[in-house]
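Work through the exercises below with the model open. Try each task before reading its solution.

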Amino acid sequence: MRRTWFAELYFFFGLVLAALLGGWSTGGIAWWLLAAVTILMVRHGWQLRKLERWLGSGRQRNPPESWGVWGQVFDDYFRLQKRYYKRKKRLGKVIREFRESTAAMPDGSLVLDGQFHILWFNAAAERMLRLSSKRDLGQSLSNLVRNPRLSAYLAAGEFEQPIVLRSSVDETRSLSVRIIPYGSNQYLALFRDVTRMLRLQAMRRDFVANASHELRSPLTVLAGYIDSLADDPGLGIHWHKPVAEMQQQCQRMSSLVGDLLELSRLETEEPDPEAIDPVDVSAMGARIVREARLQDAEDHQVEFHGLAEAGLLGVERELHSAFANLVLNAIRYSGSGGTVQVTWRLEDNGQGVFEVSDNGIGIEEKHLPFITQRFYRIDSGRGRSKGGTGLGLAIVKHVLSRHGGLLEVSSEPGQGSTFRCVFPAERVTVEATRDIAQT
Ligand code: ADP
């Protein structure tokens with residue numbers, strides 16, 4: 001028991017003893033006891049009143065003077081109150097600093113509650129979205145920024161990737177929107193003006209597309225003349241090697257221009273829903289393997305196993321280009337006589353998988369994150385000498401993303417590589433009865 005309780009008990013028993021002694025010496029013990037209880041009640045009533053006046057007086061006044069349990073209660077409460085004010089001050093400082101830093105940000109920042117109602121926004125958001133703190137605080141974000149894409153984005157609740165919207169204030173501007181969940185059921189919405197960045201990207205894409213297009217015609221003319229020269233029986237023997245070299249380089253440049261045009265088309269053109277048809281992947285895989293065998297000068301063993309009853313909803317030309325790139329790479333990067341396995345199958349969860357595996361040179365793990373970047377080559381001499389353009393896997397990645405698919409790569413240097421194109425079940429079509437096609 002704490003010391004203060006002893007003081008309280010001494011006081012109580014002292015009063016009772018005094019009442020008993022008074023009653024014993026003068027008689028009328030009941031009156032004496034009543035007087036003792038009254039003194040006790042008055043003390044506690046008086047202390048309660050002090051407490052009530054102290055609490056009612058608002059913040060941070062020194063506690064009233066008292067002794068016994070009441071003194072302890074006043075002191076303990078005062079300590080708690082001091083701790084509470086200190087924490088409140090610290091939190092207030094953190095919130096002030098957060099608001100000051102976000103207020104200074106060039107991006108529009110909004111704090112939203114769990115239902116995406118606006119709790120706070122900075123000056124940039126006010127400008128970008130034409131908000132007013134008097135009118136718009138507490139309003140739903142999708143009511144203020146009227147855009148079906150934003151409403152769908154908020155409803156889906158998947159905020160890993162930002163989305164890009166046309167500004168509702170100025171149609172010529174594009175805004176990227178990122179939602180960051182934080183705390184318990186709150187969100188930070190960041191709006192960034194990406195108009196300039198998108199314009200630069202579009203300019204770069206247009207430049208590459210135009211340059212490639214312009215290069216195509218002179219290249220065709222050059223290739224025509226060089227082919228005629230090569231076929232000319234009167235060509236001096238010392239010209240055979242240079243002309244063959246010219247033919248090879250022309251061929252390389254044509255492939256490069258072709259791949260550049262294909263890539264810029266995939267990047268700039270929105271996927272056309274009209275061009276999506278059921279594609280017979282087994283027939284396509286078998287055709288690609290036949291074509292690859294014809295081009296293969298090093299006698300690889302290329303095999304295809306395909307589940308004929310399964311197809312894909314997609315753009316045939318794009319899928320052909322992606323799958324052929326993978327098969328040609330497997331041949332290009334495995335030694336003479338190597339084995340290449342090509343399969344088309346369904347996973348248990350319904351996903352479609354087009355897989356190309358080789359037992360070739362393999363890829364070190366450190367290169368794997370970069371191999372789908374354009375012109376990324378692990379061994380540039382080897383890639384070029386084998387006729388690669390450095391754009392094949394970038395094309396594959398774009399085609400897959402246009403088909404809702406993903407590229408998975410596993411590889412072991414010196415052992416070989418496996419490239420897996422994984423398509424969602426919604427893209428897969430399954431026919432009732434057909435056998436497994438093998439070539
Ligand atoms: P390239 O035209 O040079 O083949 P890609 O974009 O198709 O360009 O491939 C990028 C790089 O990835 C290649 O240069 C090569 O180093 C590596 N690569 C691609 N496929 C394979 C494979 N099957 N085995 C080993 N390395 C590969």
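Predicted model: local features only at pLDDT ≥ 70, side-chain atom pairs only at ≥ 80, totals over all residues.

Residues are numbered from 1 along each chain as its sequence is written, and side-chain values use heavy atoms, with hydrogens and water left out.

**Exercise 1. Describe the shell around the ligand.**

Step 1. Assign elements, taken as DSSP runs numbered from the N terminus (helices: H or I, at least four residues; strands: E, at least two). At least two shell residues each come from α11 (316–332), α13 (392–402) and β12 (416–423). The largest share, three residues, is from α11.

Step 2. List polar contacts (pairs of N or O atoms within 3.5 Å). Tyr-333 places a polar side-chain atom 2.7 Å from a ligand oxygen. Gly-392 has a backbone N or O atom 3.3 Å from an oxygen of the ligand. For Ser-417, a polar side-chain atom is 3.4 Å from a ligand nitrogen.

Step 3. Check the cover by accessible area (Shrake-Rupley method, 1.4 Å probe). On its own the ligand has 520 Å², and the protein covers 98% of this.

**Exercise 2. Find how Lys-93 and Glu-97 meet.**

Step 1. Apply the salt-bridge rule: a side-chain nitrogen of Lys or Arg within 4 Å of a carboxyl oxygen of Asp or Glu. The count comes to 17.

Step 2. Lys-93 and Glu-97 form a salt bridge at 3.9 Å, N to O.

**Exercise 3. Which residues form the nonpolar surface patch?**

Step 1. Take residues with over 30% relative accessible area and no salt bridge, joining nonpolar side chains (Val, Leu, Ile, Met, Phe, Trp, Tyr) within 5 Å and like charges within 9 Å.

Step 2. Read off the patch. Leu-17, Leu-20, Leu-21, Trp-24, Ile-29 and Leu-33 form it, with about 640 Å² of accessible area together.

Step 3. Assign elements. Two or more residues come from each of α1 (3–26) and α2 (29–56). The most, four residues, come from α1.

How values were computed: Near = heavy atom within 4 Å. Polar contact = N/O pair within 3.5 Å; in protein donor to acceptor, adjacent residues only side chain to side chain.
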